[in-house]
Structure formats: C-alpha cells, structure tokens
Amino acid sequence: MSLARVQNFSVSLDGFGTGEGLSRDEPFGHAGERLHEWMFATRWGREMFGLPPGGTGGVDDAFARQFYPGIGAEIMGAGKFGPPGWQGNPEWTGWWGSNPPFHTPVFVLTHHPRPSIAMEGGTIFHFIDAPPAEALKVAREAAGGKDVRIGGGSIVVRDFLAARLIDHAHVAVVPILLGRGVRLWEGLEGLESDYQIEATSSPGGVTHMTFTRKDA
C-alpha cells in the first residue's frame, strides 16, 4: 500500500506551524516567510521557486529534495489552499498561479465543496468534505500506487497524526520563536511511542526530525 507522508513541514522551536493573523497578504500570518527561509536558501528551493541560481547544498538541500519523489497525490486543508473566506470567491484558484508546484491530484479538505479545477502542469484541485481516513482512501485511489503527501497546514497534519494515519513525517524545526499561531503537536501526547524518530541538524540551525511508524 502507498504511504501517507509529510514532507518539508516547518515548525518553530515552540511548535507553531503557522503564525497568527492569516490573510491574503500574509499566508503564514505574523510568521511571514521565516519558517521556510531554510528551504528557499537551498539549491532545490531556488530551482523550485524560480529564484536566481545558487543556494546551499548539504543536509537542508537533501531533505528538501524529498518533496517530489514517489508522490502521486496530496491532501491539504482549506487554510493552505487560500486565506479565510476564499470559499466565497469562485475566482480563487490557490496561491500558486496557473502552474502550481504539485503536478498531481490535490484534495482540498473543506466544508464547502466546489467543482474540481484543472491547472497547468498536471495539478487538479478536488474539493471534498471528508474525515482523514476517508480522504486518504480517495487520495490513494487517485495516486495510482504512489504515496500521498499530507501537505498541511498544522491542523490537517495534526488530525492525520491523531488518527494514526501518517506512515512517515519530515518536520523541520526552525530556530525561531513565534509565540502564537497554530501548534502542530497540540493534543498528541505519547505520539512518540508509535514512531522511530531520528534527528539531523544542519549548519544553519534547522533540526530535521523524521518520524517513521514502527508498524509501517
């Protein structure tokens, strides 16, 4: 069976996966881009986001490059797809322009389903109202035997972890303190007993935590 994976999900030292005050101008609230600067600085990140050539190699780049291999579909929450209130705007097609960086079917979890949207590059956004296990079943069918990426935000990743549906997770702990926002680990006491956990530090101060389910 295909795996359910989390890749390149960044949290602050105090466990926040996004800041407070999300809006169209601030997709991560008061956190800005600070949670993801490590990724933008890598060679892979600069290639992916259309930045000038260059960037760092090493540990950060190696982890960042695991975003695409083996992925056949993604599940994301309504808050990742758009700012509060996007459901009332039929013209909203996500933050990423005409060619989003997913290139697979993407299942957006929302209480306000709408018709699917086919984008350039193979991304097709499907909007479903489903609990984690049901959403994962649908995404696995679409993934054609490949893995399903649980793309966030924090609440979606937390819900899938709480349901014990995540097989492998890569969480990048970034050396900043946000103080407020949405915490990833809220209510997940004892989760570590289900996973083999490894930590790899990079020279830039990011700690890459990998969680591999013991029965996977």
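UniProt positions are given here in the numbering of this model, with feature names shortened, and such annotations may be inferred rather than shown by experiment. The model is predicted: local features need pLDDT of at least 70, side-chain atom pairs count only at pLDDT 80 or more, and totals for chains, interfaces and linings use all residues. Residues are numbered from 1 along each chain as its sequence is written, and side-chain values use heavy atoms, without hydrogens and water.

**View 1. The annotated span, residues 11–188.** An unreviewed UniProt entry lists these residues as "domain: Bacterial bifunctional deaminase-reductase C-terminal". The span is 24% helix and 22% strand, and its end C-alpha atoms lie 15 Å apart. Helices (H or I, at least four residues) and strands (E, at least two) are DSSP runs numbered from the N terminus.

**View 2. Strand 8 and its pairing with strands 1 and 11.** Two strands count as paired if DSSP finds at least two bridges between them. Strand 1 (residues 4–12) runs parallel to strand 8, with six bridges; here V6 has A169 as its bridge partner. Strand 11 (residues 207–213) is antiparallel to strand 8, also joined by six bridges, and V171 is bridged to M209.

**View 3. The surroundings of H170.** H170 lies in strand 8 (residues 168–174) and is buried, with a relative accessible area of 1%. Leaving out residues up to four places away in sequence, H170 has contacts (heavy atoms within 4.5 Å) with V6, Q7, N8, F9, W38, F63, H208 and M209.

Terms used:
Buried < 20%, exposed > 50% of the residue type's maximum accessible area, 1.4 Å probe, protein only.
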